[in-house]
Amino acid sequence: MVADTSNVANSYDYWELVEEESNAVRAENISKQLLVPLRNLLEQPGGLLAEPQQHLPGLSELETYDEFFDRGISCPPEASPRTQVRFRLLRKHGNCRTRKAIIVRPEKYDPTSDLSASEWETLLNPLLYNSQLEELYLNSCASVDMAVQDKVFSIAGEVLRTSRSLQYLFLEMGGICAANVDRLARGLEDNWGSNLEALIFINRPDVSVMKHIWEMIEKAPKLRHLWLKKSGALDNVGVMDWAEALLRSTSLVRLTLEELEIDGGVPELLSESFTEARRNQSVKELELIKLGGAAAGWKKLFEALRLNTILTCLELRECESLDNEEAFGNLMELLHVNSSLRVIQNHSALSWEKDGKDSLIQQLLERNAKHQSYYSVLRDAKLPFVSAKSGRLLLCGSPFSGKTRLRTTMQKILNQSCTKAFTNKLSSTRGIEVEMLQNDDKMQISMWDLSGQEIYRAVQDLLLPRRSQAHVYVFVFSPFEVQGTGNNMHQRKEDLKSALRTELQYWLRFVASNTPLTKHTIPMVVVVITHADMLKDEEKDVAWATNIVGELQSVFDGIVSICSDVHQINAKDGADVMQVTQRVLSLFETLLETATHIVPEACAELSSIIAKQNRNLPVWKRFRFYEFCHQNSHVGALRSFRLGYSTGSKVWEAVFQYLHDVGVIVLIPDSDLVVINPNWLASNFLGELISMIDDYYVKEKTSCLHSDGFMDAESLQSILHTLVTERFKTDLIDCSILEELLVKLDLCYSVHEGESSGRFFVPTFVGPEKTKRPSRKKVMWKYHGDVGAHYFGYRVQCTDRERTFLSQSFFPRFQIFLRQKLWKSMRLTDSSIICGRDFIQLRQGGQAVFIEADGGAGVHMDITGRTTREPEAAKKFVNVNIIDEMKLFCARNSPGVSLAVGSIPADCVKQ
């Protein structure tokens, strides 16, 4: 990377050849403006005088040149004082032979102070013999005589022809004529040994110069970096000229744009250079420095990069206009549709790190890297790609609001099979139930029925889709509460307006928290009010509900799109439900028509085949799944695919990873198991398991969980055995497979203690009311009051607490994640890291750290520490190993939430 010219004196041994502005004065009144730079030159090692001077007089105090030259240098008595100084400098400037960086500024600031062409020749000729020169700066020639400009560029051209050391060439384009740029191009053309790496152009060149700039870029054999600086560099004509320069290069790797107007040609340059049919294929890195203009300009810039597949690195420096939600959303949108970008380096003074946005970016980049790896395999396999046609419909709302009834009626209307019988009585959903709403050549829409009960949030957090796809949520609200049994079990809610606002706002926060922050995939929400058959005619006016929807539309604008129309239905009535179904399908048609991503045709066909299978055995070994896919690949794009690739090939692995990402199957991490029926995993297994633990508590009035969140291994195995024999009623799945699923999915971990069979930490399976909270002594400092102890603390909380939150299962799942992470990286013992309900305790090397949740409110987590060692080292340990990991975990599991970090006073921590 080219050094910042403002700091070049600190990085390089350089000499700036510059004429300072001065007025014609008598010798005895020499200008301080000339003497100061002379003093600076003379004080450098190996200065301009023949004999090195150990001490120089204070030149700013001199009154005549005589005192300056009384050190043994005689001057012609007839020469003017100005001429004496100038020619002695010219004859004694051996520095041009050894300097690594030279700045040449021929432009005259005063008509009386310019050098002649012959003087510049004397000054610059030693450059031809400089074997150490790395940087050459040729500044503006706007007011320079043509003879001087010709001489300067003639010598510069010879330097380019002969130099093997020159790496960076800075050109300030003001006033440079085409013939002199041609001299530079000819010099590069004749120097096959040139090591020139970077060309930096400052200000807008004349149109007549551009063809020679194209030649310079083409002829430099090792040119890697093109740098355009200052607002004059791009205009309507300049965009096409610089785009042509980029298109001609096959060696450029890096493009830097500095001090340009973001809405003044930058997006057009990027679009012309990187996304059109004829585009640059070599530039991998884009650096943006001090781009000015309105924040809205970033939208155009990022849109210009959406279809680019070459750039892998984007660097941002001093781009303060990016520091707003709209611009950040536009960046996230880019990352969702462009999986080629691997690195985003933010060197601007933005609030991203403080607000947790850096972690969201990092998570998307990691996801893109994974997707790009298998997409490249599929592209290399020459598989045909088609437009996306899959989406997810998610039903959400409070318990007993009518979601399941609505789902079954929608499926009945579209003649889709359903796991629940069409009866008057339907059991409540446990976890998530996944069914197909539509599965044909037009669309593949799966329907996810989310249980309204909080105890199932862990299942939903684990399996909710994170991929950028078409999503529509249907929020279902019932004006009634279910109380007791019999004919009077439905009791009207006392304050319908308050109830609707509270429930809808909760689920909108849930949707926002689980949807990546991007302008590209804003989820759609349709509001449905059920049990219309139980309302009186005068109660069926939904104007009050429409007003509440309108209020919340403004609150969640930009992150959730709420449809204005409110549907009031009887979920058993096909005509009522048909209106909702048609509304939902029309939304999917619109979303899929505007979708930018494409999918392998063979994968789309395989998704449809898997969804139609009768999957009595929901968990397979990977090899069996290979065989199933291979045997069923006999139609369409799958036929040639099956014939071309053997079982176990990298291409099949890429197909499976794709199917996992879109939710058709679930690949179990670090395992040979494949769940081919996500509905079984979400509802039949995990949902039933949570329900069984909950029922045990209700029936026995005690919990099989200990107060610290642990369960005896015997208790867990007993429950799993009951689940297999009584609920699954099959001997095809044994308890060991279920236990492996729980552990591999990070829903629990085991601890072995002495001779016992061990215990399992299972905090994600039950709500907080099923176990006693630990006493406060559990999280008190063990050695409170030690002399020399240092205390510190941090509070980590949602940045947008009005519209997002962390679900009840976030902290329990983070406990297991962090424990496993630290266990592997630091080889901790069971006594070093202890987990309990709502807290983690870590002790190591003279420090103790407690991480505590806020008790399920989803607002904040506190991290407090005590150390008897260096406090800054302890804080660094917490920031790197806990806070950074917490942000990344949040980005993966609650991608719509950004976390902010604040400090807790040491006195409060000590208390």
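Residues are numbered from 1 along each chain as its sequence is written, and side-chain values use heavy atoms, with hydrogens and water left out. Since this is a predicted model, local features need pLDDT of at least 70 and side-chain atom pairs count only at pLDDT 80 or more, while totals for chains, interfaces and linings use all residues.

**The chain as a whole**

The protein chain has 29 helices and 32 strands; these are DSSP runs, with helices being H or I of at least four residues and strands E of at least two, numbered from the N terminus. Of its 911 residues, 55% count as buried. Buried here means under 20% relative accessible area, exposed means over 50%, and partly exposed is in between (1.4 Å probe, protein chains only). As for contacts (heavy atoms within 4.5 Å), among those between residues at least 6 apart in sequence, 76% join residues at least 24 apart.

**Helix pairs**

Axes are lines fitted to C-alpha atoms, for helices over the stretch in contact, and angles run from 0 to 180 degrees between N-to-C directions.

| Helix pair | Axis distance | Angle |
|---|---|---|
| α14 (residues 357-380) and α23 (residues 650-661) | within 9 Å | roughly 135 degrees |
| α6 and α7 (residues 178-190) | 7 Å | about 10 degrees |
| α11 and α12 (residues 325-337) | within 9 Å | roughly 5 degrees |

On orientation, angles under 35 degrees count as roughly parallel, over 145 as roughly antiparallel, 65 to 115 as roughly perpendicular and the rest as oblique. With axes crossing at roughly 135 degrees, α14 is oblique to α23. α14 passes α23 in a left-handed crossing; a crossing is left-handed if the near helix is turned anticlockwise from the far one by less than a right angle, and right-handed if clockwise. On the α14 side, Lys-370, His-371, Tyr-374, Tyr-375, Val-377 and Leu-378 do the touching, and they meet Lys-650, Val-651, Ala-654, Val-655, Gln-657, Tyr-658 and Asp-661 of α23. Sorted by class, that contact has 8 nonpolar, 2 polar and 3 charged residues. The classes go like this: Ala, Val, Leu, Ile, Met, Phe, Trp, Tyr, Cys and Pro are nonpolar, Asp, Glu, Lys and Arg are charged, and the others, Gly among them, are polar.

Next up is α6. α6 and α7 pack at about 10 degrees, so they are roughly parallel to each other, and α6 passes α7 in a right-handed crossing. The α6 residues that meet α7 include Met-146, Phe-153 and Leu-160, while those in α7 include Arg-183, Leu-184 and Leu-188. This contact has 6 nonpolar, 5 polar and 5 charged residues.

The pair α11 and α12 is also roughly parallel. Trp-298, Lys-299 and Phe-302 of α11 make the contact with Ala-327, Asn-330, Leu-331 and Leu-334 of α12. These divide into 5 nonpolar, 1 polar and 1 charged.

Leu-406 sits in helix α15 (residues 403-413) and is buried, with a relative accessible area of 0%. Leaving out residues up to four places away in sequence, Leu-406 touches Leu-395, Val-474, Val-476, Ile-569, Ala-571 and Val-577.

Gln-444, in strand β14 (residues 444-450), counts as buried at 10% relative accessibility. Ala-604 is 160 residues apart from Gln-444 in sequence and 8.7 Å apart in space, C-alpha to C-alpha. Ala-604 is also one of the residues that Gln-444 touches, along with others including Lys-389, Met-436 and Ser-607.

**Positive phi in loops**

Lys-290 has phi near 50 degrees, a positive value in a residue other than glycine. Lys-290 lies in the loop between β8 (285-289) and α11 (297-304) and is partly exposed, at 36% relative accessible area. Asp-670 likewise has a positive phi near 50 degrees. Asp-670 is in the loop between β22 (666-667) and β23 (673-675), and counts as exposed at 67% relative accessibility.
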